[in-house]
Amino acid sequence: MERLFAFQEPGVYLYETHLVPRFLLGDEEAREELRAWLAALRPGELEALLAWLQGGFSHKRAARALGIHLNTLRYRLRRMEEKLSVSLQDPEDRFRLELAARILLLQNKKR
């Protein structure tokens, strides 16, 4: 079995930690899992996440783009963090979220 370069040290890893390296190595199943990860979000939460990502991680820009109050955006992002068990303060989580969101956006453009 090919070893993932990101995990050269033996040990136990969470399944989710393998998604990004698998995706980057061309694993189609990993791409679908990343996309499906966002399926748990309500439309408002997904919309808030996408606006926040597209606004360069700026809460003010995202709230302005959506035409909602800053506190409403923060509330939606907190709910999203809880549902997906991520932290927007963690760069790895932000990267996974952005990658999953970009996959979702690209797939939606194809339809």
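I first looked up the pair formed by helix 3 (residues 43-54) and helix 4 (residues 59-66), whose axes come within 8 Å and cross at roughly 125°. Helix 3 is therefore oblique to helix 4; angles under 35 degrees count as roughly parallel, over 145 as roughly antiparallel, 65 to 115 as roughly perpendicular and the rest as oblique. Axes here are lines fitted to C-alpha atoms, for helices over the stretch in contact, with angles from 0 to 180 degrees between N-to-C directions. Helices are DSSP runs (H or I, at least four residues), strands are E runs of at least two, and both are numbered from the N terminus.

I note that this is a predicted model, in which local features need pLDDT of at least 70, side-chain atom pairs count only at pLDDT 80 or more, and totals for chains, interfaces and linings use all residues. Residues are numbered from 1 along each chain as its sequence is written, and side-chain values use heavy atoms, with hydrogens and water left out.

I then listed the contact, meaning heavy atoms within 4.5 Å. Glu 47, Ala 48, Ala 51 and Trp 52 of helix 3 meet His 59, Ala 62 and Leu 66 of helix 4. These residues divide into five nonpolar, one polar and one charged. For these classes, Ala, Val, Leu, Ile, Met, Phe, Trp, Tyr, Cys and Pro count as nonpolar, Asp, Glu, Lys and Arg as charged, and the others, Gly among them, as polar.

I checked burial next: buried means under 20% relative accessible area, exposed over 50%, and partly exposed in between (1.4 Å probe, protein chains only). The buried residues in helix 3 include Ala 48, Ala 51 and Trp 52. In the protein, 37% of the 111 residues count as buried.

I followed the chain beyond helix 3 to Gly 56, whose phi is positive, near 70°. Phe 57 lies in the loop between helix 3 and helix 4. The phi of Phe 57 is near 65°, a positive value in a residue other than glycine. Phe 57 is partly exposed, at a relative accessible area of 34%.

I found another such residue in Ser 85, with a positive phi near 55°. Ser 85 sits in the loop between helix 5 and helix 6 (91-110) and is exposed, with a relative accessible area of 64%.

Lastly, I recorded the overall make-up of the protein, which is six helices and zero strands.
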